[in-house]
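Thanks for making the time this morning.

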Amino acid sequence: MTIETRGFQTEARQLLHLMIHSLYSNREIFLRELISNASDAIDKLRFESLTDDTLIADDPEFRIRIEFDADAKTLAIADNGIGMTRAEVTEQLGTIAKSGTAEFFERLTGDQRQDAQLIGQFGVGFYSAFMVADEVEVVTRKAGTDEGTCWKSKGEDEFTIEAAEADRGTRVVLHLKPDAQEFAESFRLKTVVRKYSDHIGVPVVMPADSDGEGEDAEDAEAAAEEVINSATALWTRSRSEIKDDEYKELYKHVSHDFEDPLAWSHNRVEGRLEYTSLVFVPRRAPFDLWNRESPRGVKLYVQRVFIMDDAEQFLPLYLRFVRGIVDSNDLPLNVSREILQEDPAVATIRNALAKRVLDTLSRLKGDDYDAFWDEFGQVLKEGIAEDFANRESIMKLLRFSSTEQDGEEQRTSFSDYVARMQEGQDRIYYLIADNLSAARQSPHLEVFRQRGIEVLLLTERIDEWFMTFVNEFDGKALQDVTRGELDLDGEGKPEDESDEDALAKRIKDVLESRVESVRRSTRLTDSPACLVLGEHDIGAQMRRLMEASGQSVPDSKPHFEFNPDHPLVLKLDSEADEDRFGDLVKVLFDQASLAEGQSLSDPGDYVRRVNSLLLELLA
Ligand code: ADP
């Protein structure tokens, strides 16, 4: 019989190294990971046996068995689930096939404590066995095949693979490290297993012999077994009976997350459609949140039988961070992804889940909601465009930076804004900029500051795009302060029609085709000039988004607004030398572009002009 030696994929090796060397403070979680894998393997076989019951004929009672031997210092977790072929073992226990793997490894710092945290977020799965074992053996046989395989590794660079006698399913044997002998003690094991596997719908059995010294283990084994979990799928129980800790454990099983969820909602629906849903909001965003292709969605069960992971049809795309379970009584057991796509019942469940998630979010308070917003706020904004039916509820969940709020955080809601509005104010004002400091320094805020009117500051890259979908909140129109003519007093257009204004005309003659129009500003108190977009022009942010996606963007020209009371503008008005007038106007125009955070079309030209003005000043 040949023993084949193989190297781990680089990332797998790195992960193993981390597992072994950065002492994870909570080592017992390896059991959760292994039991979770075992339970998934049983779910998969149960599903396959629906169409081919010969697969389980040899051993029809599903169970996960925990065995230990204090003398030999071993612990084994054995399931009679789907098992793996030789090729599958090599692939699945030699590489990491998770999306976001590359990003994850880039984020590692080399600092053990920080990295241990990151590992938690990434989800370590099977490899966590090496936290407590200096050698791991996996003996497995795929259901429906006769060839078993044994995989062995010390968690260093390589593993070996050879053919072996094996029962159906997978048996993972850990050779415990000297400092991990506690995991060969019955009492300790039972406590840990109960803690992590109570929600699993498969019996987890252990030898009943509580001292674990089973001399006659061989004979006693079969008879003296004890089921140590409740072995009913958690979501089938009634809410009032389920403890928070149990929900949290189920979440970790479903999501592969190490942290507790932020919130959850568990519901049984009866009537025309019958289903149970349990949705969780994670505390932290996964690495691949922005990859729209990443697997997402819920675990789908039909009448308690596991059907598939990542059933994405049950949640809209903007709620892709939600994890959970749907257990339907109406769908057929042989349901496929294609059928899910078409099935009207699925669409109904998706709408209900979206409402439920939004409702759960709306009930999060204080730090919890802030934590949610910081992780997922930008994804939620997509819902404004995607989910027309729930737009109102989503709008209530949005948070922004604001002129009334210090710091970087986005903590102001539309309702907060409305509550602070001034007498007679009928609009919600906002400004879009590339970053917060550019926003706070924008000349467009000057008149608002002077009058004490709050302005929301939007700085995320999709803000301009998503704001095109919102027109009002609570009956108050939304107004971008950099667009159109500003009319804070509601008096209509100022008397000075731009074409009749001599100074405006003179400036327009200089700027010519670079601007749409030139007019006196009602926006400015300190700056000499600013650029204003037309009501329907495409802004800088949207322009970049569109260009990045390869679309051609129609050109639009800004309106140039000047502050007639500014000393520079007064000087300008009295400037008789047309060349000098022209230079000054161009400098003001370029400065106004800079103040918008835009780059100049000809920076060299700007520098030359400013320098020659400086020279005149210093002469
Ligand atoms: P994850 O469970 O997150 O996919 P793991 O590293 O824990 O990652 O496991 C990798 C893969 O190995 C699993 O996706 C599964 O295909 C396979 N595997 C692990 N444990 C078992 C098991 N007990 N039975 C069958 N397959 C398993």
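**The ligand and its surroundings**

Let me begin with Asp 79, where a polar side-chain atom lies 2.9 Å from a nitrogen atom of the ligand; a polar contact here is a pair of N or O atoms within 3.5 Å. Before I go on, please bear in mind that this is a predicted model, in which local features need pLDDT of at least 70 and side-chain atom pairs count only at pLDDT 80 or more, while totals for chains, interfaces and linings use all residues. Residues are numbered from 1 along each chain as its sequence is written, and side-chain values use heavy atoms, with hydrogens and water left out.

Which residues are around the ligand? Counting those with a heavy atom within 4 Å of the ligand, the shell includes Asn 37, Ala 38, Ala 41, Met 84, Leu 93, Gly 125, Thr 170 and His 256. By class there are five nonpolar, five polar and one charged residues, where Asp, Glu, Lys and Arg count as charged, Ala, Val, Leu, Ile, Met, Phe, Trp, Tyr, Cys and Pro as nonpolar, and the others, Gly among them, as polar. Helix α2, residues 29-49, gives the most to this shell, with three residues; helices are DSSP runs of H or I with at least four residues, and strands are runs of E with at least two.

**The domains**

Turning to the chain as a whole, the automatic or database assignment gives domain 1 (3-215) and domain 2 (261-377), whose centres, taken over C-alpha atoms, are separated by 28 Å. Between them, 14 residues of domain 1 are in contact with twelve residues of domain 2, contact meaning heavy atoms within 4.5 Å.

How values were computed
A polar contact is a pair of N or O atoms within 3.5 Å; within protein, one must be able to donate a hydrogen and the other to accept it, and residues adjacent in sequence count only if both atoms are side-chain atoms.
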